[in-house]
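Subject: Structure handover

Hello,

Here is the structure I said I would pass on. Please look it over first; my notes follow below.

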Amino acid sequence: MPSRHLGPGSQPEGPIRAASPSGVSGHQRGLGRVYFEFGRTLQAGLDCAGDLGPDQGAVFGWVRHPAGQPPELRVEAGPGAPVGTLLLDLHPRNDVEEVEGTAVTGFSLVHEIPRRMAGRILVIGVAGGPAGRQEVAIDLLAYDLPSELREVTLSRDWGASYQLLRASALDPGRVATLHTEDGPAGIFGRWLDRLPRLAGAADWFMEFKDARAAILPDGELVVSGGLHAADAPAGRIEAMGCAVVRAPGGAAAVVPLAGEASAPLENGFVLCGAVAPPPGATVEVVVQLRRGIRAWWFLAEAAPVTLPDFLAALSLGRTELLPVDAASLHGWLRGALAERSRALHGYLSGMALSGGPAAPGGTALLFDVNDDYAARVLALLAPDMEARFARIVLSGPAAGRAAAALLRRGGLEVMVGGDAEGALALAAGGGGTVAPIDTAALVDAAIEGNPARLTANALPAESLPWIAGLHAVAGTGTMEATMRRVVAMMAGVDASALPVPAQRPDPVGGLLSEHLRGLWEMVPMAGSPR
């Protein structure tokens, strides 16, 4: 049964039977649980009743009730005096046996504690049935119920703990389960530490193969894998998650996944969504998977990846799927990628990447000095570069040797960025205009004897972060590949004419390539023809 989050309980509509030692047909203690039997089709088990703080309390347990008639629950300070229900989460309890004609529903109820609240009564109501509407009341203070919510959370059914964590993340300002003295994860801290952990990727993890947890710089994330369990019952896997965002320095927050979605698969799972992590944060996804009566819970630490690796995880690129799942994945992925395109349209179409002639004294950014040939061509054009630029930033395997030759001449400020990302950041910090130049343009300028073409398309330094953003959400490979595409489009090449690297040789690969091509076509980039 899916979870339901209900507001304050209604007033009684019928007589209330009060549970007491003399009024309970069955009453037993064991494993920290008190059991109540009110008839053949209505029983309850209470796991605990305790305080989250001075203003909020919680009751955990389950109700066996007539099938198709979910229970209604509330807490009262005294007969007929209900207190506010802050959260009521109903969830499956497969660890409790069902009797024919009945169903078992677990519950986590968080309620207000008004000032001078002396009593605490749990009211359970069931509509319909042979006896009509039925309500029973249990005096929570009359029994020696466990009250340490953190300890109970650690030992109760994992599905119940997960459901409460997820519901708490949806409304952390209202519910104190995440804000107790136990730390930022509240009563769930020790339970989270006990979960199996997937660190980025694993060929085998629990009963899953090719498991992946990946995140892009903008907070988009995916957790996926293929099921390898011969005894798993038939049916689709239902996947859901919430995230634990751990900022540098130890601060943590449990948050829902924005835009959460999952693929309708039987022998694999894909769960995706987004968070807004601060710089340097670690993001972990608390995952629940259900297939029939089987369920799995784990904590997946999302590894930072480039977009091609992200798309590979999103499309289960390393997993061999059954035909029924392959068809389902293709249909779901088409919709998921279309939604991603819609979400990114405003960002990409607003990019300020239109090039213009470089201003005197600007910066030349050579981002792919990858061999001695490129270094020699640069040395050949050094006098022309010195006449047109005050500064040059180099990256690539041969950048150090090229920089040494330029430094000996002494006509330019020379900086080496290591990789293309580092070079882009260095160039952005220099102010003025920046002319991105790839080796192909450098060679063409030397062959044609036209070094002026190197200054034809430059960008204001403050526009360069757009390139990093473009690479993060639409990059087709390395940062060098992204910058080459930018250079080509600034030179007037239409984005639709630029090849997109093949993702995989199947229909899903075609969807991925179509998605990437569409993202680049959103970028309004035009420069001065060379």
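Leucine 316 sits in the loop between α4 (307-314) and α5. Its phi is near 50°, which is a positive value in a residue other than glycine. Most residues other than glycine have a negative phi. Please keep in mind throughout that this is a predicted model.

Aspartate 210 also has a phi near 50°, again positive in a residue that is not glycine. This aspartate belongs to strand β13 (residues 208-215), and at 15% relative accessible area aspartate 210 is buried.

Tyrosine 143 has 7% relative accessibility and so counts as buried, the limit being under 20%. Between tyrosine 143 and glutamate 112 there are 20 Å in space, C-alpha to C-alpha, and the two are 31 residues apart in sequence.

Now the protein as a whole. It contains 13 helices and 26 strands. Its radius of gyration is 31 Å, whereas a compact globule of 530 residues would have one near 24 Å. Taken along the principal axes, the C-alpha atoms fill a box of roughly 100 × 55 × 35 Å. Of the 530 residues, 52% count as buried. The accessible surface comes to about 22000 Å², and carbon and sulfur atoms account for 54% of it. Among contacts between residues at least 6 apart in sequence, 69% join residues at least 24 apart. As for charge, there are 42 positive and 55 negative charges, and their mean positions are 1 Å apart.

Last, the interior. In soluble globular proteins, nonpolar side chains tend to be buried together. The largest nonpolar core here has 33 residues, and Leu348, Leu353, Leu365, Ile467, Leu470 and Met483 have the most contacts inside it. At least two residues of this core come from each of α5 (323-349), α9 (420-428), α11 (464-474), α12 (479-490) and α13 (507-521). Leaving aside residues up to four places away in sequence, leucine 348 touches Leu470, Val473, Leu519, Met522, Val523 and Pro524.

Regards

Notes: Residues numbered from 1 in each chain as written. Predicted model: local features only at pLDDT ≥ 70, side-chain atom pairs only at ≥ 80, totals over all residues. Heavy atoms only, no water. Core = buried A, V, L, I, M, F, W, Y, C linked by side-chain atoms within 4.5 Å. Buried < 20%, exposed > 50% of the residue type's maximum accessible area, 1.4 Å probe, protein only. Helix = DSSP H or I, 4+ residues; strand = E, 2+ residues; numbered from the N terminus. Contact = heavy atoms within 4.5 Å. Rg over C-alpha atoms; globule rule 2.2 N^0.38 Å. Areas by Shrake-Rupley, 256 points an atom, 1.4 Å probe, with all protein chains shown as cover. Lys, Arg positive; Asp, Glu negative; His and termini not counted. Charge placed at Lys NZ, Arg CZ, Asp CG, Glu CD.
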